[in-house]
Amino acid sequence: MNILKKIQPLVGLATLIALAIGLWYVYQAPADFQQGGAVRILYIHVPSAKIALLSYLFLTAASILYLWKRYEGADILAEAAASVGAAFTVITLASGSIWGKPMWGTWWAWDARLTSMLVLLILYKGLMVLRHSLDDPVKGARATAILAIIGAVDLPIIHYSVVWWRTLHQPPSLATGENTAVHITGPLLPPLLILSVAFILLGLYMVTVKARQIEARRHLDALEAARMHHDE
Amino acid sequence: MSMPINRRVFMILSLILVIGSLGALVLSSFTGALVYFHTPTEALAKNKDLTDKKIRIGGMVQAGTLTREAGTLKIRFLVTDGKTQIPVRYEGIVPDLFREGQGVVVEGTWKNGQDFPADTILAKHSEDYVPVEMNEQGIAKSKESLLKSLK
Amino acid sequence: MSDYTLYVAAVYGLAILVYGGYTLRWRASYKKLEQQRASLSQESP
């Protein structure tokens, strides 16, 4: 996929710039009236959660495209999105836990938001295991794509969990749709917005890097297979 | 085609784990098991069903009701959803966000017609983030959001 | 108000470790794979 090679340095540079600006704003952000300095954890937690979900959306789209058109590129992107999404989910859960201990008084609660987010991590890891548990890579890719599409049912559950059920986790601070409202006041808001953009770029960059690595591995595997065939 | 045994185990395990956790989540979303706590109004309404059961009640620590027994970690307060109040007693360390006028989830065994003896207190944060120098505004806003979320 | 510097540092440190770590690992792996491929295709005409 030549396009990945072309965009990688551009996306990488944009990511670094956006991260630098975002972190500067985090450094400048005042303390929150309830949480004090712990509010800074939010700036990693919320953007990570957004990318964890966006990665799965991307993965689902790539899986549908792969099953429909059989483009190998779509399968490579799906495989890359699983690894990247898993990383963002891990940070979402870990940062939430580190925030929860002093603020809520617990590392973990089995409420709808936390539970459905944990299921997302299980999905990502399950997809990664399933792909390599089949001998035939094409069969592995198809099975993974089908499971990925079934798993997409978790996305609306995560997103609406804090609205549909009473949870320990707070409702969204940037509500859209019917009751549009911003619950983040003054200088506490810019770092969140800038880091959200930065993390979208970071996610894109990581997918690019991972996809090229996967492609290189497949090329090498194909070459080795061809050589073995030749030697026989 | 025969598959190496460990690969097959991985495949079956990953499928069980993924489909199992997804299925459990979807199922529990229909049974109400995902509702983390009762409001005080609900708890009183379901009084009989809840007796001697371990439950969670969520609401706001009513302003002006928090008292501490001098020299101990024993506290008492009212948890409210704006309509109903339930007296709570607790002994121990409270989370940093626990304070009057803010959200709380208390865990304990429901005894009919008695104060609620909490054995765990969790603070529930509202979705409001306000700079510390705008404290007054923040307190008013978070109260409003919290009571709205309890409806 | 308590000091949460340690908690905040843990979160930012973990994020750098995980995001940075994976990115660098994948980049290094890509380079290695490409080298292997180059040497393999040189051997066999």
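The contact between the two chains takes 42 residues from chain B and 44 residues from chain A, two residues being in contact if their C-beta atoms, placed from the backbone, lie within 7 Å. On the side of chain B that touches chain A, the elements that give two or more residues are helix H1 (5-31), strand S6 (116-124) and helix H4 (135-149) of chain B. Helices (H or I, at least four residues) and strands (E, at least two) are DSSP runs, numbered from the N terminus. H1(B) provides the largest share of this side, twelve residues. By class, the side of chain B that touches chain A has 26 nonpolar, ten polar and six charged residues; Ala, Val, Leu, Ile, Met, Phe, Trp, Tyr, Cys and Pro count as nonpolar, Asp, Glu, Lys and Arg as charged, and the others, Gly among them, as polar.

The model is predicted: local features need pLDDT of at least 70 and side-chain atom pairs count only at pLDDT 80 or more, whereas totals for chains, interfaces and linings use all residues. Residues are numbered from 1 along each chain as its sequence is written, with chains lettered from A and ligands numbered from 1 in the order in which they are written.

In chain B, strand S3 (residues 74-80) runs antiparallel to strand S1 (residues 54-61), to which two bridges join it; strands pair if DSSP finds at least two bridges between them. Val61(B) stands opposite Val79(B) in S3(B). Two bridges also join S3(B) to the antiparallel strand S2 (residues 67-68) of chain B, and Arg68(B) has Ile75(B) as its bridge partner in S3(B). S2(B) and S3(B) form a hairpin with five residues between them, in whose turn Gly71(B) has a positive phi of about 80°. Seven bridges link S3(B) to strand S4 (residues 85-91) of chain B, again antiparallel, and Lys74(B) is partnered by Glu91(B) in S4(B). The hairpin of S3(B) and S4(B) has four residues between the strands, and Gly82(B) takes a positive phi near 95° there.

The largest nonpolar core has 109 residues, of which Ile41(A), Leu77(A), Ala78(A), Ala81(A), Val79(B), Val104(B) and Val106(B) touch the most other members. Such a core is a set of buried Ala, Val, Leu, Ile, Met, Phe, Trp, Tyr and Cys residues joined through C-beta atoms within 7 Å, where buried denotes 20 or more other C-beta atoms within 10 Å of the residue's own, with C-beta atoms placed from the backbone. Helix H3 (residues 72-103) of chain A gives the most to this core, with 16 residues. Domain 1 (1-34) and domain 2 (40-149) of chain B both give residues to this core, so it lies between them; the domain bounds come from an automatic or database domain assignment.

How values were computed. A residue is buried if 20 or more other C-beta atoms lie within 10 Å of its own, exposed if 12 or fewer, and partly exposed in between; C-beta atoms are placed from the backbone.
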